Amino acid sequence: MSERAIRLLLSDVDGTLVTHDKVLTVKAIRAVQQLREAGILFALTSARPPQGLAMFVKPLGLTTPLAAFNGGLLTDTDFNIIEEKNIDDQLTAPIVDLLGTHGLSVWLYQGADWYVLDMQGPHVARESKTCQCEPTMLKNFEGVETGVAKIVGVSDDSEACAAASGAMRQRFGTQVLATRSQTYFVDVTHPEASKGNVVKYLSARYDIPTSEIATIGDMHNDLSMFAVSGLSIAMGDAAQEIQEAASEVTTSNEDEGFANAVARFILNSP
């Protein structure tokens with residue numbers, strides 16, 4: 001547990017703040033209210049597009065910037081763009097090709113616009129329901145290859161996703177950042193679009209040392225924020241390597257892991 005008082009909590013969304021069925025529980029809402037009552041800021045970061053975070057603004061009383069696409073697109077709570085980091089335009093086509101050669105379906109996000117090649121592809125319907133937005137289907141991505149915030153490779157073959165992620169790093173090195181927000185996703189973003197950089201952004205914006213910022217998450221794309229925050233909390237059902245990278249481990253997201261973490265590790269409640 002951090003020896004310094006926590007002044008801001010940055011939370012992942014899927015697998016962390018919400019249940020597997022994407023439910024924001026009453027206890028989670030109350031935990032954020034308790035943070036506010038204690039004078040502790042609360043912020044969200046997610047691989048989701050910005051419109052996928054809209055549903056949390058009102059129930060959680062959010063006032064801090066929303067960090068979508070793992071930090072690739074920061075907006076205020078009215079969804080005005082604060083900061084945007086896009087993939088190099090010349091890399092879009094080869095990234096799409098590489099993901100395809102590994103058998104992954106490919107999604108492309110140009111700002112908040114979501115494009116797919118197959119409306120019946122894996123997880124399209126689930127993502128549409130979760131983020132409350134519909135993609136546009138294209139025959140190919142020609143014409144939308146500039147100003148791309150995120151490219152996603154999707155497959156229920158987790159080994160294929162892992163192989164594609166490794167191949168992405170091997171081929172493009174530090175030109176892009178390839179992370180896993182779910183076992184069936186490979187998220188490709190600008191190299192500076194990381195949750196670790198979201199911590200640094202919030203630290204500068206609110207003049208809070210990173211040592212006084214807590215982070216909570218469950219997947220590999222959360223490791224960068226764990227590495228730079230004073231207190232990091234992994235969900236109880238996260239993979240072993242994620243738990244080992246965190247300062248503390250809470251219960252699962254099906255067992256009020258978020259609310260329990262706030263009470264135990266941040267507010268120090270029994």
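Which residue takes a positive phi in the hairpin of S6 and S7? It's glycine 111, with a phi near 65°, and the hairpin has two residues between its strands. Keep in mind that this is a predicted model.

Let's stay with S6 for a moment. This strand covers residues 105-110 and is mostly covered, with five of its six residues buried. S6 pairs in the antiparallel sense with S7, residues 113-116, and also in the antiparallel sense with S9, residues 148-154. On the S7 side, glutamine 110 has aspartate 113 as its bridge partner. On the S9 side, valine 106 stands opposite glycine 153.

Now for the open sheet. It has eight strands in the order S5-S4-S3-S2-S1-S12-S13-S14, and the pairing is mixed. S5 (81-84) and S14 (248-249) stand at the edges with a single partner strand each, so one side of each has no neighbour in the sheet. For S5, pairing with S4 (residues 73-75) is antiparallel, and threonine 75 in that pairing has isoleucine 81 of S5 as its bridge partner.

Here are the strand pairs side by side:

| Strand pair | Sense | Bridges |
|---|---|---|
| S6 and S9 | antiparallel | six bridges |
| S6 and S7 | antiparallel | four bridges |
| S4 and S5 | antiparallel | three bridges |

A helix comes into the picture too. H9, residues 257-266, lies across S1 (8-11), S2 (41-45), S12 (213-217), S13 (231-234) and S14. Relative to S13, helix H9 runs at about 145°.

Note on methods. Residues numbered from 1 in each chain as written. Predicted model: local features only at pLDDT ≥ 70, side-chain atom pairs only at ≥ 80, totals over all residues. Heavy atoms only, no water. Buried < 20%, exposed > 50% of the residue type's maximum accessible area, 1.4 Å probe, protein only. Pairing = 2+ DSSP bridges. Contact = heavy atoms within 4.5 Å. Axes fitted to C-alpha atoms, helices over the stretch in contact; angles between N-to-C directions.
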